[in-house]
Amino acid sequence: MQFKIFKNKNLIQGVSNASFGSINEKRSVKFLKSLGYKNISPKNLVWAEQVFSSRVHVCLPKDSGKIIKEVDGLISNVPDQILGIISADCVPVLLYDPKQKVVAALHGGRKCLTKGIIKNAIEEMVLNFNSKPKDILVGIGPHIRACHYWLKEKTYQNLKDTKFEKYFIKRKNKVYFDLTKLAFDEFLKSGIKKKNIEDCKICTFCFYKKYFSARKEEEFPGIYKEKNSRFASFIGIEKKTKTAIDRI
Ligand SMILES: [Zn+2]
């Protein structure tokens, strides 16, 4: 899938799905080429190690082709540098500031979100690139939603009696957690406009065949050909190649 909010903005963007298999470098290139982006190679990609932190890295040209250690978010204004986040239930978030031409990709795991990754990312965009939150466009990718994300006992104990208790939804004998609402609230608190947020509305558990769901796999082992299958969300600024008309 691709986000409508990022269309026609000279961006390389999209979320892979299960038809490409569990994502790796080679499949990432294949996926991006399938969207019509030419001249993509693994050297264009930057990955975050994804350690369930709230740390965000501002990429330099030399970061292309690398995995950035100990971070869960990436920011870049380097053309043709494509940021990649892998997930299978966590919230993948893509951001773009069309004024300052800066992109970001965040791994919105529950821990990353509760630790404040969204706030950190927006602060870094403001600090490093003079972004204004009201200009920033957001795409929220497929993730496990309140329909299926129930909390295990340990997580429940960790979150109860905290400010995150308001995202609990009690149904039958389980407590569910609304990651989507948490992400939205974090964006709004950081000054992002609601109209500038596009939520794809896809639940990975509901659509576990089209995307991948770690929780579904945990409950039904063996549903995927490859263990720990993941899909990826990408965003990058497309280098403007001069067309014949531009040169006239
Ligand atoms: Zn669901």
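Strands β7 (residues 91–97) and β8 (residues 102–108) run antiparallel and are joined by seven bridges; two strands count as paired if DSSP finds at least two bridges between them. Within this pairing, Val93 has Leu106 of β8 as its bridge partner. Helices (H or I, at least four residues) and strands (E, at least two) are DSSP runs, numbered from the N terminus.

This is a predicted model, in which local features need pLDDT of at least 70 and side-chain atom pairs count only at pLDDT 80 or more, while totals for chains, interfaces and linings use all residues. Residues are numbered from 1 along each chain as its sequence is written.

Both strands belong to an open, mixed sheet of six strands, ordered β3-β5-β8-β7-β9-β12. Because β3 and β12 each have a single partner strand, one side of each lacks a neighbour in the sheet.

Here are some of the elements mentioned:

| Element | Residues |
|---|---|
| Strand β3 | residues 56–58 |
| Strand β12 | residues 197–199 |
| Helix α3 | residues 117–129 |
| Helix α5 | residues 179–189 |

Helix α3 lies across β3, β5, β7 and β8, at about 165 degrees to β8 (axes are lines fitted to C-alpha atoms, for helices over the stretch in contact, and angles run from 0 to 180 degrees between N-to-C directions). Leaving aside neighbours within four places in sequence, Ala121 is in contact with Val56, Gly73, Ile75, Leu95, Ala104 and Leu106, contact meaning C-beta atoms, placed from the backbone, within 7 Å.

Finally, just after α5, Gly191 adopts a positive phi of about 95 degrees.

Notes. Two residues are in contact if their C-beta atoms, placed from the backbone, lie within 7 Å. A residue is buried if 20 or more other C-beta atoms lie within 10 Å of its own, exposed if 12 or fewer, and partly exposed in between; C-beta atoms are placed from the backbone.
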